[in-house]
Every structure is written in structure tokens, then in C-alpha cells.
Amino acid sequence: MLDSFLYVALPYLAVTICIAGSIYRIRREPITYSALSSQFLENNGLLWGSLPWHIGIIVIILAHALAFLCPGLWQQILSVRAVLLVVEVCGYGLSILCILGLVVLAVRRLTSPRIQAVTTAMDLVVLLLLILQVGCGLMIAVQYRWGSLWSVGTTCQYLWSLALFQPDISYIQDLPHAVKGHIVGAWLLILVVPFSRLIHMFSVPLSYLTRPPQNVIWTNPRRAEAAGEVFVKEESRRHFVLAAGGIAFGGFLLLIGTFDKIFNFFFGPRLSAAEETKLMQHKLERLKITAEQRSLELERRESRFIFIADLKDLSDTEGKYFIDFSMQPGIAFKGENGLPILISAKCTHLGCTVGNRRDAEGRILCPCHVSYFDVVTGKPNEGAPAKAPLPHLGWILMNSKDQVIARGPHDKTGGVNLSAQTLADARVFVTREEG
Amino acid sequence: MDDIKQTERAGSGNGSLTGKAMNFMLERFPVEKMNFHYMFEQKEVPVHSMSWGYYTGGLTFFFFVIQVITGLFLIFYYQPTVSDAYLSVEFINNHVSGGSLIRNMHAWSSSAMIFFAMLHLLVTFAMKSFVKPRELTWIAGVILLFITFTFGFTGYLLPWNQIAVNATKVGLQSIEDVGQYLPGALSTLPQVLRETFQGEASVGQSTLGRFYALHVVILPLALSALLGLHLFQVQLHGMSRGVDEKPKRSEKFFTAFFFKDLEVWALAFFILFCLALCIPFESFLPFPLLAPYDPLGATPAGIKPEWYFFFVYYPLELLPFWVILLASLAAVLVLFLTPWIFRGTSRKTLRFIAVLAAAYLFVMTVFGQAIYEALKS
């Protein structure tokens, strides 16, 4: 009987009275639809009391509302352990902040003679209720841990059953007394909204944060001097709020999505065995390429000619790249007479590496600034950015017994009278000397 | 102490060269203003239609700070060797926790820093903020801009991919091409310069090492030192008025303007963060260009510098080299001598010139490729 009253009748009663009473009061006495300000009477305590209290309670209420309104989403978010820990710890911190603020407010209200003058009994009732309510909440959070998770299956369901007009108190019947007390306290607070200063929650002055500053214009010249200062202060406060909001929002983004990742940046990745193997293979490949380059460089210092390819492997349309004696790229083609053509591939314009495919006119293209070079003469096309021809490189042909059988390109006589059989077995080398 | 003052006075009085130099320095470094009260508490920022220009420098600075922080992150994993550079960058991107975000932020923020540095230059020019006693601020700023460009050029090479190495080759080769226009012994100077930067016959390990040292140690130190001078001068001389009409009001630098600056920075960070999270910086380039550099093989088509070099790259492609050489020489000279050349020019004219320059930069950067293709085909 008592249960049905406290958890079914009281909620409906409280919400009805809250809505009806608030509308009545806002309509009838619009001036009182805010908290009676005591800032003029006492400002120091207000700063240290009101600010922590409001910061704490607003975030806590928003979190409660989110959990009640979208329990599914809430549960999903909290299923990540790190988030759950963050939420719980924030809850502790904020409720402690609330209590500290309330204590300061209470002390101030009870000790300052000026405030005493404007304090009503209802103010004290509200203060007491709030202290009890927040204290109770903190106690539940500590005593019955992970409330943010278990409330999804209990109190949220209870509230939804109320909202759908199918009250079902079985969800909360077995909860500890502290939790039940917290629920009753909430209904009581809602109940007293229209009769107390709590009604100011309907007049949240959000626009204060970003509204343009109000400039007080004094006619008294002495005051007018100081007014500018106030103006600057007010405006910079507005920008401070915006900047702090932006930074807090950015910090929040970092916190939820990336902070743990950025923190882990320094730990180094934990790779699976397969990934690690693959990575090592890649590294080895790149090292081999580098080692090859180095050995080529060394070879160029020691020998007078370097092997490029077997003559039969050379093509007349697609050249083979090699590195010449000055460590610059070169391309080897097979000429029409069956002898090799070795041409530098370093564009005479800006040093790009020229492509190795001959077009229909027997030219190769530098892709950087579109110069066509004739492979046979080395000359660039008319109007090309490159002016100088690509130089030909000296080569020799050797047979399988390491005997030089022909040289080029300047020695025209060599190689002409070689048989097809000898040419098929010949190997092409680039030489340090010009032909 | 008194003696020094007397000699100073005497020096300034007789109009000798040392006296003039002394006077010049004293006007740029007024000792009596070098205190916290004058440089922070009393400093005011005028409020007028061009006030947004006062934020461009702060934003450049902010992005530089981001560069330093993300850069320090990247040093943890980057390896400046020919065989490992590409893999280490890939490793950061694919395996390190938060690595791709950090690298992306570094890349996006570098572009943002250069963009705002250029904007800052144009705006301060249009506002005529370079006249006495702010000449040194301007010159330090111009050098800072060149350092920032060098940052971009050296940083481009570090991932050691096709486009980076090939673009660096072309860039370094164009230094050498200056030589043919220089007389006598000077004509080999550009080649010596290129070989000094390059360190070996072609772009290779030595180049990478040198660029890394420049990018990570030398340039940051140089930039920080000059930035110190730049900011010191700005605080010392206060904000220039920037417009012809007398501003109706001004606000305190601290806290009003400072908080606004923070606000803008917070917004900038938010945008940068979302950008870095959602769009990989290289997503505008096709993959072959981002493959590891292959010393054996043709230069792939489409080698380009970063977008902030387009304004000099596309003219370089389209016009004879000597024209570009003369034009850039003139531009650099004008930039350095601006405080004296434009001493008497009206703000209206300056604004016109700045808009013209901005239009040129915009067109070349955005439509450069289209213009190039239209004129080349």
C-alpha cells in the first residue's frame, strides 16, 4: 500500500502539480519565475557555492536524463569498460563538487545576516532536500557500484512503465532502501518545484553565455571612466566562455574517441605474428634493394664494364633500365642492326628519369615536362623543354668466353659482320669509356 | 651608465653613420617599453572592419605549435634511411595506435600553416603594418615565410615515395639551372649549392639525411629564434592601426583579444581534428605516386610539388626559365624592401595590390593545372 503510494501515486501527483503549478506561477507571477538573487548581498560565497553546485548538478541531471530516455544507447556506450570507468569517476567527482557547493551555500545562507533577511523556510527545505538527495546518490554510487549499468534494467524500466501509464513497481521493489529513498527524494523535489526557487530551472539563461555585452552608460563622468573597463571585462568573459567551451568540447572529442589511442601511440603497436612476419619481409625487401644499389655503386668503382643483359633479352620497343657509371639511370634497347643502343635516361631538362617505351616514331618520353627523345640520335623533339640530346653510352659485346666481340656506339665497324648465332649468345656491358 | 647615454646622444646628434644606426636600433628596440606593463597590460588592439587580419598571425603560430607537437610524435617512429623511411611511414599509418591521425594532422596542419602565413603577409601588407617602426617585424616575417616554405620542401621528401623523391630531384635540379645565367665564377655556385643539399651524385641517402636534419632540427631552431624576434617586436610596438579612419574603439590585448584568439584556435583545432580524422591528406593523389621510390624506373607521370608551390611551379612550366628567375628575384627584393618602397603608398593602393596578388595566388593554385593543360595541348 505504502509502496503503491510512494512509487505510483506520488510520481503522478508530483509531475502533475509540478507542471500545473509551474504554468500557474509563470502566468500569474512572471516576476518570481527565477531564483531570488542574493548576489548583491553576498558575492564571495555565492561564487564558490553556486558555481560548483550548478556545474555538477547540470551534468549529473543530463546524464540521468540520457540514461532514462535512451537506455539502449546508454548501455551500448557503457559497454566499453574505459567509458564506464570514466562515467563512474566523473559521477563521483561531480557529486562531490555538488555537495561542496551545497555546503558553502548552506553555510552562507545560515550565517550571513544579510542573506538571513531574505531566506524563506522553503529555501531551507529545498537546500536540505538537495543535500540529502545528492548525498544519497553519492552513497549509492559508492556502495552499490556500477549504478550506471544496473539502473538500465531497474529504474529505467520503472520510469518507462510510469511514462507509458502502465506502472510496474516490481522493477524497483527489491532495490536497496537507499535507492528507493533516492527515487522518493526525486519525486519530492519535483513536487516542490512550483512552490520554491527551483522553478528557476525553467528559465535557464543560456543566452547569457553568448549574448552581446550590455554596456551601462553612466552620465556621471567619474563613473563613465570606469564603465569602459567593465565593458571590456564583460566582453572578454563572453569570449572566455566560448573559448573554454570550444576547448572543453575538443577535449571531450579527444577523450571519447582518440585519447586512449594517442596515449598508446608511445607503447608501440602489438602486432600479430603474421603481421610481424609480413613487416619483416617488407623490410628485408627494401634492405635488399638498398644493398643492391650499394653493390652496384661498388661495382662501378672496381670494374671497367658492367653487365646489363643478354643481347637476346633486349627489345627494340621496351628498353631495360640500368645504372650507368655516374650512378644515373640509363636504358638499353636493341637497335635495327641487332646491336644494342645504350642511352642515358636522365632527362637533360630537369633530370627526371625518361620512360622506356618507344612510340611509333621510335622516341621515348620524359613524363615530367613532355620531351620526346629519339633513341637513335638522342635528340629531343622541336619545342621540347629539353634542349640538349640524351647522350649515348659506350657498350661492349662479349661472347661466352669473355672475349670482346664488338664495341659501340662510335666504333661503327665492330659487330656488323657477326653471325646471328654469335649475337644470340652475346652479352651486353656498359663501359666506363665512351664507346 | 651616464656615459653610455651621453655617447648615444652625441652619436644621434652628429648624424654620423654609427649614430644613425644607433638611432635606428633605439627606435626599434625602445628600452623604456620593455616591461610587462607596457607589452601586455597596456597593449590594445583596434577594432575595425579589418580586425580579422589580426588573427592570421596567431593562427599561423597555432599551426606551428601543432606541427611541433605532432612532429615530436612522428620522430618516435620515423627512420630517415632510404630503405626504411617509406616503411616506417607506412608503419605509423597502419600499425601505430593513433598514428594515421597524428600524421594526417601534421600534413593538414602544414598546409594550414603555409596558407595562413601567406594570408598574414597579404593582410599585413594591405593594412600597411610594415612602416616605421615595424620594419624589422616585416623582414623577420618574410624570412619566417621562406623558412616555412623550406619546411614544406624538406618535409615533402621524408616519406621517400615516388612523387616525393622525383619532385625533389626536379626542385634541386632547377637550383642548378640558375647557374647558366650567372657570370663567371658565380655560375658554378648553384651547382655547388645543389650538391651541398643533395650530398651525393643523385638524390639518395645523403639527401634524405640532410633534409631530415634541416626539417627536424635546424629549421625549427631558426624559426623559433626569428619567431621570438617577430613576436617581441609585435608586443613592443603594439598592433598597427591598419586602417585610415580612426578606429571607434579598441580592446585590451589581455584579456579580451587573447581570449578571442583562443576561441579562434579552438575552432581551428576542431576543424583540423575532424579533417585529419576523416580525410587522409594523400587522398588527392593516385597510388602509383605514393608507392615507394624505385631507383630503377621511369619517373611516373604527374609529378608535382605541393599545392603551395603551384604559384611558381606552373609559370615555371609555361614560361622560359629566365623570365621566372627575373620575376622571382624581383618579387623577393620587393618583399624585403617593402617597408621602404611602399612607405608613402596609400592603404587603398596597397589593398589593391594585395587583392591582385591574392587573386594571382588563388588562380594559379586552383586553376593552374587547367591553365597548363589548356596552353600545352
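**Exercise 1. Decide how helices H8(B) and H9(B) are oriented to each other.**

Step 1. Locate the helices, which are DSSP runs of H or I with at least four residues, numbered from the N terminus. H8 covers residues 162-177 of chain B, and H9 covers residues 189-198 of chain B. This is a predicted model: local features need pLDDT of at least 70, side-chain atom pairs need 80 or more, and totals for chains, interfaces and linings use all residues. Residues are numbered from 1 along each chain as its sequence is written, with chains lettered from A and ligands numbered from 1 in written order.

Step 2. Take the angle between N-to-C directions, on a scale from 0 to 180 degrees, using axes fitted to C-alpha atoms over the stretch in contact. The helices pack at about 155 degrees, with axes 7 Å apart.

Step 3. Apply the cut-offs: under 35 degrees is roughly parallel, over 145 roughly antiparallel, 65 to 115 roughly perpendicular, the rest oblique. H8(B) and H9(B) are therefore roughly antiparallel.

**Exercise 2. Find which residues make this contact.**

Step 1. H8(B) gives Leu172(B), Ile175(B) and Glu176(B). H9(B) gives Pro190(B), Gln191(B), Leu193(B), Arg194(B), Phe197(B) and Gln198(B).

**Exercise 3. Describe the side of chain A that touches chain B.**

Step 1. Count: 41 residues of chain A contact 42 residues of chain B.

Step 2. Name the elements that give two or more residues: helix H11 (221-264) and helix H12 (273-302) of chain A.

**Exercise 4. State the secondary structure of chain B.**

Solution. Chain B has 15 helices and two strands (E runs of at least two residues).

Technical notes:
Two residues are in contact if their C-beta atoms, placed from the backbone, lie within 7 Å.
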